[in-house]
Amino acid sequence: MHERLMTQSHASRSPTKPGFEKPLLVCFSHLRWDFVWQRPQHLLSRAAKHYNVLFVEEPIFKPGIKPHMDVTSRPQGVKVAVPILPEGLLPEDILAEQHDLVETLIGREAHGARVFWYYTPMAMAFSSDFECDLCVYDNMDELSLFRGASQKLLDLETALFSRCDLVFTGGMSLYEAKKSRHRSVHGFPSSIDFGHFSQARSIEKDPGDQAHIPHPRLGFFGVVDERMDVNLLADVAELRPGWQFVMIGPVVKIDPATLPQRPNIHWLGGKHYSELPHYLSGWDVGFMNFALNEATKFISPTKTPEFLAAGVPVVSTPITDVVRPYGEKGLVEIARTAEEVVAKVETILTRPKEAWLAKVDRHLAQGSWDKTWSAMHRLMLDATGDTTSDRSAASLPIYATTPAE
């Protein structure tokens, strides 16, 4: 690994000064910008109002090509940089190529104000010697517990904790697990783009691949991986063959052949973020059939408030950051077994919706991705000692718990 050049304290200069062009924010991510629209996209599209955002993805390998960085723009004001590398490189050569490509793109020394924003500690292996004025670790998941995680990831996360100035966590259970590892850890659970998902409440026409599916419909959207309890899905589908299960999302890290196949389970694949309200509008119940395993121990599902904003009642397995506060407040029904899921769904299908929806809206009114980013930005300004910048966009209160708590 390259040694880090310590030429100055990385939180010594303000990343925002009036009269200058926007500072650079470089995000190192294990997720691709054009994959599922989730936390990184919500936050960094808002960060683009204050920073020139460069989103650095993991490499793509192609045969017989010369290493280069593919940089493209997105409508949200973000530039996406993808290292394109030849197949067959040794692991140490892959890191060296990434290092050189990033250095060519941004330079090793920070000639202007810049922020490094990490989603993956693995990027420390090639970026630790680059200068930045502020380093942020947005720890959205406990990656070390995901399938295929290595000891190297744990070691690099320790190095990242040593380097960074701020740590944000994607949920409150993750905050509790990480708060002792750094002097400045702040919990920012999944928030909500209410205007987008609330469209589902007034949409009446089904998408073509859903229109033929009878009611009642139970729906899921998100990445289909080891965090999904596919056995629970199969068991509930068998107990209630008249219920239809609409499953939306890309399948990753698991064999699609292992997914349960039944006449009442419909795997519709991935959909664009803009399409989701159209599908949710036709669902009677949201089904968050998360497995209870190491990979879900600290998750804070973004889809929880998204279901609620769409006006879709939810049954979820007992994920900690769903139970608290959504289950405890009566906003989401919690069930562990197939029999419990059936009972909870039957309750939802027969109860009046108005009182529940009013309670949901009171809760969701307290939080948004705009407020989350504003609170994060305020912490970033404070960390750099910025007292001169226009702080109007960062004047909202800091949310250290789930919205409405």
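Of the 405 residues in this chain, 55% count as buried. Keep in mind that this is a predicted model. The secondary structure runs to 13 helices and 15 strands. The accessible surface is about 17,000 Å², and carbon and sulfur atoms own 53% of that. Now the contacts. Take those with a separation of 6 or more: residues 24 or more positions apart account for 70% of them.

How many residues of helix α1 are buried? Nine of nine, across residues 39–47.

Next, salt bridges. The structure holds 18.

Pair one is Asp-34 with Arg-74, with the closest N and O atoms 2.7 Å apart. Asp-34 sits in the loop between β1 (24–28) and α1, and Arg-74 sits in the loop between β4 (68–73) and β5 (78–86), so this bridge ties together parts 40 residues apart in sequence. Is Asp-34 buried or exposed? Exposed: its relative accessible area is 55%, and the cut-off for exposed is over 50%.

Pair two is Glu-157 with Arg-181. Their closest N and O atoms are 3.0 Å apart. Glu-157 belongs to helix α4, residues 151–163, while Arg-181 is in the loop between α5 (172–178) and β9 (185–187), so the pair links parts 24 residues apart in sequence. Look at the accessibility on each side. Glu-157 is buried, at 2% relative accessibility. Arg-181 is partly exposed, with a relative accessible area of 33%.

Arg-351 lies in the loop between α11 and α12 (354–364), and Glu-333 lies in strand β15, residues 333–334, so parts 18 residues apart in sequence are tied together. Arg-351 is partly exposed, with a relative accessible area of 25%. Glu-333 counts as buried, at 15% relative accessibility.

And the network: salt bridges link Glu-103, Arg-108 and Asp-129.

Stay with helix α4 for a moment. Leu-154 is in that helix too. Leu-154 is partly exposed, at a relative accessible area of 32%. In sequence, Leu-154 and Met-122 are 32 residues apart; in space, their C-alpha atoms are 9.0 Å apart.

Now strand β9. His-186 is found there. Why does His-186 count as buried? Because its relative accessible area is 18%, and buried means under 20%. What does His-186 touch, once residues up to four places away in sequence are set aside? Leu-166, Val-167, Phe-168, Thr-169, Tyr-175 and Leu-379.

On to Met-228. This residue is in the loop between β10 (217–221) and α7. Met-228 is a loop residue, but a buried one, at 6% relative accessibility. Leave out neighbours within four places in sequence, and Met-228 is in contact with Phe-220, Met-247, Trp-267, Asn-289 and Ala-291. One distance to note as well: the C-alpha atoms of Met-228 and Met-288 are separated by 8.3 Å, and the two residues are 60 apart along the chain.

Which residues form the negative patch? Asp-235, Glu-238, Glu-339 and Glu-340. Two helices, α7 (230–239) and α11 (338–350), each supply at least two of the patch residues. Take Glu-238 as the example. Its place is in helix α7. Glu-238 is exposed, with a relative accessible area of 53%.

Quick recap. We have a predicted model, with 55% of its residues buried and 18 salt bridges. Helix α1 is mostly covered. Helices α7 and α11 supply the negative patch with at least two residues each. Back to the screen, and over to you for discussion.

Terms used. Residues are numbered from 1 along each chain as its sequence is written. This is a predicted model: local features need pLDDT of at least 70, side-chain atom pairs count only at pLDDT 80 or more; totals for chains, interfaces and linings use all residues. Side-chain values use heavy atoms; hydrogens and water are left out. Patches are made of residues with over 30% relative accessible area and no salt bridge: like charges are joined within 9 Å, nonpolar side chains (Val, Leu, Ile, Met, Phe, Trp, Tyr) within 5 Å. Accessible areas come from the Shrake-Rupley method with a 1.4 Å probe; for residues, only the protein chains shown count as cover. A salt bridge is a side-chain nitrogen of Lys or Arg within 4 Å of a carboxyl oxygen of Asp or Glu. Lys and Arg count as positive and Asp and Glu as negative; His and the chain ends are not counted. The place of a charge is taken as NZ of Lys, CZ of Arg, CG of Asp or CD of Glu. Helices (H or I, at least four residues) and strands (E, at least two) are DSSP runs, numbered from the N terminus. Buried means under 20% relative accessible area, exposed over 50%, partly exposed in between (1.4 Å probe, protein chains only). Contact means heavy atoms within 4.5 Å.
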